[in-house]
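Let's take a walk through a protein model together. Keep the picture open while you read.

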Amino acid sequence: MKYIFITGGVVSSLGKGLAAASLGTLLELRGLRVVFQKFDPYLNVDPGTMNPFQHGEVYVLNDGAETDLDLGHYERFTNCVLSRHNNLTSGQVYENVILRERRGDYLGKTVQVIPHVTDEIKNRIHEVSDERTADIVITEIGGTTGDIEGLPFLEAIRQFILEVGAQNVVNVHVTLVPYIKAAGELKTKPTQQSIAKLREIGLQPQVLLCRTEHPLDAELRQKLSMFCNVSLRGVIEARDVKHTIYEMPLMLNAEGLDDLVCELLHIEAPPPDLANWRKFVERVVSPKKQVKIAVVGKYIDLQDAYKSIYESLTHAAASQDCGIDLKLIDAETLTDGVEGHLQDVAGVLIPGGFGERGVEGKISAARFARENKVPYLGLCLGMQVATIEFARNVCGLEKANSTEFDENTADPVICLLDEQREVKAKGASMRLGTWPTKIAKGTVAEKIYGAGEVLERHRHRYEFNMKYRKQMDDKGFIISGTSPDGSLAELIELRDHPYFLACQYHPEFQSKPNKPHPLFKAFVQACLANER
Ligand code: GLN
């Protein structure tokens, strides 16, 4: 088994996750099997309880683990399928160590960071090192070198390398080489200091991934190489991508990254076949047409909050050789009428969300899409608001609502199931992960999926109230997907509408560059048809 560890220095937000995912893409295209792991030094057990301002999107895995959005990059960029073992937080590490201490596993001993906490971390690396499924484990360490919280992870890696042998490991350090305008120069000092910090802990990177706005010239590379004790070939330029994150693997390949990594790991693998990837990138960069789609959400100013949705739209659009002109609309601004905001868009997408803020604006947007026959895709909360809207304005249930927003509503078209009512804890207490959906015959959904049953990922508490099914169906609101026993509504569509689909699950977690999700693809097709 071979190992790659990815650390970050100088500042956060350098795109370590994307760098890790891109390296994984290249290795996979060389015929190697990769698996990823993310270590997050914060004390939350998982990011499920953090709000999008703190953390961006919570990415949900098949097994229901609520994880860091970097795991989304890993799954999108490669074929790996991850589980809760692939995201370790300090919160989990300490939770385990303390549980063991109480159980008496360390009886007689003083429990300490070294070796007990570091052992816990090393065990996790071993746990995902399954030779039957992977050749290389890529582990990304969240945070920035020098953070106090990160120290146990770095110490664990130092020990781990000693145990498995340096010839089986590559350390990649993602760093910033800032440009100082007044001096007209790129500066290497922050990187030097970051590397010095790593070496203090006993870690020596073999690769420096230099995030920079300007090209690194020979002299600068030489300087970085010398001061950081990294070979000249190991100094890799990672310029800001021009158009799309999917350019990153191509750029890193051109810099020789995957060649060098294979060499350092003593792996023989043919050069990667980048043809399909390149084609995809070309379609994203220079599409033949454009389509304007509105996303009506609560965290519109936050680039990371709806990451997987934006990526899914990109994948779907590229498959139609079209680009997406995204119109991001803050749902709270829609309370004074939607026409002005939505009349110029070809489609409306409403993402998932929690809490009452902005909900009435989303309901108005769903109404606009229904009445004006504008293609609509509702995801999770997006299905719930479409349900409330239809109940209120078509079925005449004026007070219809979700009990999430009005506990005592006369018509709870969306409500909690009995088993959720008793749950008080917030962490990992939702309906999470992959569940099967049975698709009804003769529906639009059946045509789109071309299957009778599909597996999709969930993250929600509230459900469609089946008491209203008949009444709403009579008016044209069809439940086209349910749980296999028929008790839970999973997917709805409107009878007299070109494309009005909404699901209780999150299809955005299963879309990839050359494999767009069927619901997104059909939505983009419908939007294109609506543009003409
Ligand atoms: N707040 C809703 C629920 O809990 C929707 C959740 C979501 O959109 N992810 O059911």
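Put together, domain 1 and domain 2 bury about 2100 Å² between them, with 54% of it on carbon and sulfur atoms. Buried area here is the accessible area (1.4 Å probe) that two parts lose on being put together, summed over both. In domain 1, the residues that lose the most area to domain 2 are Glu57, Val60 and Arg76, together 28% of what that side buries.

Before going on, some ground rules: this is a predicted model, where local features need pLDDT of at least 70, side-chain atom pairs count only at pLDDT 80 or more, and totals for chains, interfaces and linings use all residues. Residues are numbered from 1 along each chain as its sequence is written, and side-chain values use heavy atoms, leaving out hydrogens and water.

Where do the domains sit in the chain? Domain 1 covers 7-11 + 13-278 and domain 2 covers 288-531, with bounds from an automatic or database domain assignment. Their C-alpha centres lie 35 Å apart. The contact (heavy atoms within 4.5 Å) takes 25 residues from domain 1 and 27 residues from domain 2.

Now for the ligand. The residues around it, each with a heavy atom within 4 Å, include Gly352, Phe354, Cys380, Gln384 and Arg459. The shell divides into 4 nonpolar, 5 polar and 3 charged residues. For that count, Ala, Val, Leu, Ile, Met, Phe, Trp, Tyr, Cys and Pro are nonpolar, Asp, Glu, Lys and Arg are charged, and the others, Gly among them, are polar.

| Residue atom | Ligand atom | Distance |
|---|---|---|
| Glutamate 404, polar side-chain atom | nitrogen | 2.7 Å |
| Tyrosine 462, backbone N or O | oxygen | 2.8 Å |
| Histidine 506, side-chain N or O | nitrogen | 3.3 Å |

The protein covers 99% of the 300 Å² of accessible area that the ligand has on its own, by the Shrake-Rupley method with a 1.4 Å probe. Two elements, α15 (381-393) and β19 (453-460), each give two or more residues to the shell. Helices (H or I, at least four residues) and strands (E, at least two) are DSSP runs, numbered from the N terminus.

Conventions. A polar contact is a pair of N or O atoms within 3.5 Å; within protein, one must be able to donate a hydrogen and the other to accept it, and residues adjacent in sequence count only if both atoms are side-chain atoms.
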